[in-house]
Structure formats: C-alpha cells, structure tokens
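Q: Got a model open here and want to go through its packing. Can you take some quick questions?

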Amino acid sequence: MLGLTTGPVCLASCGPVVLPWMLVQPQGVRWHSRQLLLFLAARLAGYLVFAAAVWLVGSSIPHAWSRRSWLVGGIQVLLAAALVVYAAGWPRRRCALAQPSSQLVQIGEAPRPRTSGALALGFLTGISLCPPFLVAGVRAAQLAHLWAALLFFAFFFVGTAVWFFPYLSLGFVQRTPAVVTVARMVAILLACWYGFSGVSILIERAFYG
Amino acid sequence: MASRSSTLAQPAVFRGVGRSLLLTLPIALWTLLMFTPSFQRAGRDLHIAAAVVILFMTALFFLMMRTGETYRWRRIFFVALGFLFPVGFIASLVAERGTMSIPLSRMVSGDTPFCFMVTPTIILPAAFARTIIFPGAILPTATNTRSIAFMIGLWFAFTLVLGKAWCSYACFFGGIEEGFAAFPKRRRLHRFVTKYGGILRLIPWAILVFVVLLSAAILEPVYCMWLCPFKTVTEFPAVRNVETAIQFGVFVTLFAGLVVALPLLTKKRTQCGFFCPFGAFQSIFNKINLFEIRFNREKCVDCTLCQTACPTVALSKDSIREGKTLLNCMKCGACVDVCKKDAAVWHLKGTPVAVKPERARLLFLYGAWALAVMFGGNILAGSIAAIIGFLPWK
C-alpha cells in the first residue's frame, strides 16, 4: 500500500532520469518494454541492497542527516555521470560504423542491445533517498528478520513499479532528430543539476560537518 | 531604432484616414472600456496615465490600419511595455517593502504576484501532488488581485485564440530584449545564428522539459528559483547565503547575456528564441489556434529577407520553401512587413492562402490588440502613474 500510495512521488522523482534516457532509445514499445523491465530489475536490486543495509545498521541511516548527506551527494554525482554517459551519449564512439544505420543491409546477427544504461540508471534511482523511500527504510529497519525487510521492500517496489508503466508510451514518440537532440540536451541539463546538487551537498558536509 | 528602409520594405496597404479611423473605432471603444475602472479610482496620477495609454494604444492601432504595417508599431508598444514594466514593478516593491528581494514571510503568505512564466511547471505537481508550486494565492486576496486562477484563466483564453502571439503582444519581458535588438544598425553573428539556428531553437524545448520534470520531482518552481533572467529587473530571493548568491549570479549573467549583449549583437530576441521555456510551451498552442503566417510560393523569390528579419529565428529555408513558418513563430509581423513581393501573408486557417490576407490580419490584430490593451495597457498605466508620482515637482 505504501508503494501504491507514494507511487506518484516515485514517478515524479524518477521522471528526470527515465524520460530523457528513454527518448534517446530507439522507437518501439517492445524495445521500451525490455529496457523498462531491465531498469526496474536494477531498481529492485537497489531497493534490496538498501533494505539489507538499513536492517543491518538499524534505522540510523535514514535518520542521521550527517551520514545520509554523504550518501545523497555521492549518489547524485554518480547519477549525473550516468546521465551524461547513457542519456546524453557522451563520450561518443569514434567509429561511425560501430552504430550502422538500421536501413543498411545487415550481415550476420543483429547488434546486441546495450543494457548497461538501464541497469546503471535503475540501480542508482533505486538507492536514491527520496521521501517515500526513507519512510519505507525506517519501517524495514524495525522489522525482526532480514528476510522480512527484503520482502517489505520487494512489495514496496511492486507498488511503485506500477506507476512506471505510463513511461512505455514514450515508445510511440517518433524519434526525429529534433526529439533525440532535445532529449540529449535535457540529459545534460539534468546532469548539471544533479552534479551541482551532489557536489554542493558534499562540500557542505566537508566544511560544516 | 533601425531605419525603416533597413527593416521594412513597403506597406502592403495604405488606407485613407477616414477608413483607418473607422477600423480603429472598435479598439478605441475597447480601450476606453478597459480603462473605465482606472478613472473611477481616486488618484490624479492614474487618471493622467490612463489617458496617455488610451491615446497611445489607439494611435498605434490607427497607424497599423493606416500604413498596413504591423511590426513597426507593435514594437513601439512592446518595447515601452518591456522597459516600463520593471519601472512600475520595482517602484511598487520599493514603496511596499523597501527592497527588490522577497522576504520568506511574504512568500509563505502568498503575497507574490503570479508570473505566467511558471504555468507549464505547475501543471504536473498540481495533477499528481495537488500542490501549486508557486508561493502565490490561488484566488484573489485583498493584497494580491492578480491571483493564480485569474492569471491562468486570462492566459488560457488568449492563448487559445492567438497561440504564440502572446509572446509578441502580452509578455512584459520580451520588450526589453526587443528594445536592445532595435538599437544596432548592423547585424553581427548573423552567420552563426543562421548556421546553428536549427540547434539553437531546440534549446527552449530542452529547458521546458528540464524545468517541468525537475519542478515535479523537487516540488519547486525551478525556472523561477534558478533560471529566470528577468529576476534581475523584478524580484528575487534575498541573498543570504552561498546558494542564494549563486542564484542571483545566474539571474544577472543570463540577463546580461541573453537580454542585453546578444540582442545587441544579433538584432534577435535571443532570450525568447533560444532560451525561454514558456515560449516553447506557447509554441504548442500555435498548432491549434486560428492564425498563422504563410508564404505564397508563386510570389516568393527566396530572397530570405524574411528569414533575416525574423527576430526569433522562426523561419528556415526549408520552411519558406514549404510556405510555412516554424512552430515557434510569434506572429510579430516582421516577415510580412519586410517582404517586397507580398509573398508573406497573414492567414486564417481553413481559408485559401493569400486570398484576402488583409482580412486575416485585421481579425488577428483585433484579438491581439485587445489583449495588448487589457494586459499590457494596464501595466503601462500603472508604471506611468508610478513615474508621475516620482516627479520632483510633485
């Protein structure tokens, strides 16, 4: 229930990462479904890692800002880097033949889809400490067994994951050069934001404790 | 201002005085109607200001009718609006608070007047979190009559009819850069703007998506808090720490670069064309409103005078070949006025292109000028009244 009710917050807080990254992917709902499932799987992994961590160390991580700030700042910097690499597509591959046009005659097997972007972004958004996530963390830390904490987060994940399916509609958006360019620009802007925000938190933590 | 010969070629229509007056009559009546409340209120300064604005707006419309030119006369109003709005706004802030910065208490109490620039960013949080992420009052209050509901209602009604023409007839910021763009005689960086125009005009879309997504994620009006160049000449969060100092630095840098320096260099509205997310949002409504600019391909000689004259790079060679403007056209009329072959024409959707274009122009101008009077006219009157109030012999 917590996942379902806080789903819109998850949808909004992960939107800045998911939307530009999906828009630079090739068009097609099937492809998008596969990528979204990978993203959600990585996100679940992030949830479970966090669940295990909070259960092991108790509820001190969600509560103590002094410890949390390092984590938040670090995750945001990593998220910025991941956006630059996977959504903005920088640094680009030098050889143009590495990504041949789909209109060319294909010899041999089709190139394997790149899954690292979905996994990296899914995991990093999975461990981002958004408000509903922290509420779930406190609850998980209070549970008696590790498996109970993991199960709690798994169900929490299922509740929030439902809200991600509207993103599949992005598969219908036509990938004109303008759409892809705008998506890349958005990714760069968001990377700047997350980078600035993360570095600010880390500097503040380093200087003021 | 650039000389007429350098920007405008020849008027399409030159009407007689009587006919022009007759066509101006509806606008004159509308203007009087709009300013009736000003005369009912006490205050000699406001009465004088209202009278000046009535004459100003009516005279400009008359000149539009008489000369057949749109851009030249609209620009006079628009630049006046752009430069006078901050004067009146800052004067009222200083009189009320003694400073241009917003204290937190005022933000919390919802006394901040609503700015239409945040409209696209408040939609998602309102839908998902049932929160208006702007520190204003939804309904009018005793101290703040320009509430969120009132401003959005006004904006939506006119946007449905006029599309992105809002940016040329109502925006109280665009006139500042249009004024700076009008100063130089020579265009510099012209090749750069022409060559990279395709990429540059995508930036507002990117900023729009960026601010909409991020505002929904962090429940904060990101554009207002971090990116609005016009905070420099209106109001801004009080500088209290490093973060607010950075914010202020961003506002000033963007203002100096996009609103002053680049318009002076390029003779373009660079903030509107290459940055403003609200402008990109308005472009969407160009798809569904009635009026547009079209090119009569039988008359067009591909001289690209219109492309050079367009202040927001809303024309490309391809779009002219297709007989259309790009989506970001704000219907300022510069291309129509500059065209020596009368190939660029006003067009009412659903009617044949280049058949009675002056009728389409008239219909458009009645709507656009009615908006200009209602929205900009009141701002002009308020600012002029403030200036009269500051005169030394008062």
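Q: Which residues is B:Cys335 in contact with, leaving aside its neighbours within four places in sequence?
A: This is a predicted model. In it, B:Cys335 is in contact with B:Ile293, B:Cys306, B:Ala309, B:Cys310, B:Leu315 and B:Ala344.

Q: And which residues touch the most other members of the largest nonpolar core?
A: B:Cys335 is one of them, along with B:Ala206, B:Phe210, A:Leu83, A:Val186, A:Ala187 and A:Leu190. The core has 175 residues. Helix H19 of chain B, residues 357–390, gives the most to this core, with 15 residues.

Q: Staying with H19(B), how does it pack with H3(B)?
A: H3(B) covers residues 44–67, and the two helices pack at an angle of about 145 degrees with their axes 8 Å apart. The crossing is right-handed.

Q: Which residues make that contact?
A: From H3(B), they include B:Leu46, B:Val53, B:Phe61 and B:Met64. H19(B) brings, among them, B:Leu365, B:Trp369, B:Gly377 and B:Ile388. The contact divides into 17 nonpolar residues, two polar and one charged.

Q: Switching topic: how many residues of chain B are in contact with chain A?
A: 14, in contact with 14 residues of chain A. Helices H6 (119–128) and H11 (203–218) of chain B each supply at least two residues of that side.

Q: Which one gives the most?
A: H11(B), with nine residues.

Technical notes: Residues are numbered from 1 along each chain as its sequence is written. Chains are lettered from A and ligands numbered from 1 in the order in which they are written. This is a predicted model: local features need pLDDT of at least 70, side-chain atom pairs count only at pLDDT 80 or more; totals for chains, interfaces and linings use all residues. A nonpolar core is a set of buried Ala, Val, Leu, Ile, Met, Phe, Trp, Tyr and Cys residues joined through C-beta atoms within 7 Å. A residue is buried if 20 or more other C-beta atoms lie within 10 Å of its own, exposed if 12 or fewer, and partly exposed in between; C-beta atoms are placed from the backbone. Helices (H or I, at least four residues) and strands (E, at least two) are DSSP runs, numbered from the N terminus. Two residues are in contact if their C-beta atoms, placed from the backbone, lie within 7 Å. Axes are lines fitted to C-alpha atoms, for helices over the stretch in contact, and angles run from 0 to 180 degrees between N-to-C directions. A crossing is left-handed if the near helix is turned anticlockwise from the far one by less than a right angle, and right-handed if clockwise. Ala, Val, Leu, Ile, Met, Phe, Trp, Tyr, Cys and Pro count as nonpolar, Asp, Glu, Lys and Arg as charged, and the others, Gly among them, as polar.
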